[in-house]
Amino acid sequence: MKIGIIVAMSKELAMILPLLSDATVETRGAVTLHRGRIGGNDIAVMQCGIGKVNAAIGAVSLIDAFSPDLVINTGVAAGAGDDIRVMDIVVADSLAHHDFWCIGEEWGHVPGCPRLFPAEVPAVAEKSGAKKGLIASGELFISRKEEIDSIRSHFPMVKAVDMESAAIAQACCLRQVPFMCLRVISDSPWTSHDNSSQYEDFWTEAPQKSFAAVSEILASL
């Protein structure tokens, strides 16, 4: 299987690249692809940049350059569910824009698209200890409990929030490419008034363990 993996930040890329065997780097125009293998799959990893615009451009660029059978977004996210803790892995069963509204539409519904974008859930997810649920995206680093409460008022089932995954899901939906999202929880703004410190500390607290679980999921595909 050809699998394209998209991350937003260099820190996330640094966690994913060691998982590749036979790694090479390819440049196609403005797109840099880190090629290799995980399990029996042909992998291309790219860093798109932070935010939904960068994510959507990155998804389309990856699809055009690599023609993947599956696109996966991975990296970190803020926890939003009562049962979610730092270092947990959340596998999306659906994705939504938490910051989109247009008159006459339900909150989060982009006209011409489903309100909740579908996502593939790997069979091994629960065995690996990952938690399944909705991931919501918006153009804002969520830092306060009040912001989580606002998101949960529209999407009470939300498990995690980030700044890219719903945009990638939308691009994949429109291009008819299956999509999967695996996020490691870096901070919990719904329980902490200092989640920025949580987020910074996350990168020094050996998140390799959580990203190793991501590797197990990828290798099982």
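The model is predicted: local features need pLDDT of at least 70, side-chain atom pairs count only at pLDDT 80 or more, and totals for chains, interfaces and linings use all residues. Residues are numbered from 1 along each chain as its sequence is written, and side-chain values use heavy atoms, with hydrogens and water left out.

**Around helix α3**

- E147 lies in helix α3, residues 145-154; helices (H or I, at least four residues) and strands (E, at least two) are DSSP runs, numbered from the N terminus.
- E147 counts as buried at 15% relative accessibility, where buried means under 20% relative accessible area, exposed over 50%, and partly exposed in between (1.4 Å probe, protein chains only).
- R144 forms a salt bridge with E147, the closest N and O atoms being 3.6 Å apart; the term stands for a side-chain nitrogen of Lys or Arg within 4 Å of a carboxyl oxygen of Asp or Glu.
- R144 also forms a salt bridge with E146, again with 3.6 Å between the closest N and O atoms.
- E146 is partly exposed at 46% relative accessible area, and R144 is partly exposed at 43%.
- Elsewhere, salt bridges that share partners join E12, D162, E164 and R183 into one network.
- The structure holds 15 salt bridges.

- E26 has L33 in β3 as its bridge partner.
- The side chain of E26 meets that of R35 in a salt bridge (3.0 Å, N to O).
- E26 is partly exposed, with a relative accessible area of 25%, whereas R35 counts as buried at 16%.

**Loops and surface**

- S67, in the loop between α2 (52-66) and β5 (70-79), is a residue other than glycine with a positive phi, near 50°.
- S67 counts as partly exposed, at 48% relative accessibility.
- M87, in the loop between β5 and β6 (89-97), is likewise a non-glycine residue with a positive phi, near 85°.
- M87 counts as partly exposed, at 25% relative accessibility.
- W107 is placed in the loop between β6 and β7 (117-118) and is partly exposed at 30% relative accessibility.

**Cysteines**

- The count of disulfides is 0, a disulfide being a pair of cysteine sulfur atoms within 2.5 Å.
- The cysteine sulfur closest to that of C113 is in C173, 5.7 Å away and therefore too far for a bond.
- C113 is buried, with a relative accessible area of 8%.
- C48 is buried as well, with a relative accessible area of 14%.

Note on methods
Two strands pair if DSSP finds at least two bridges between them.
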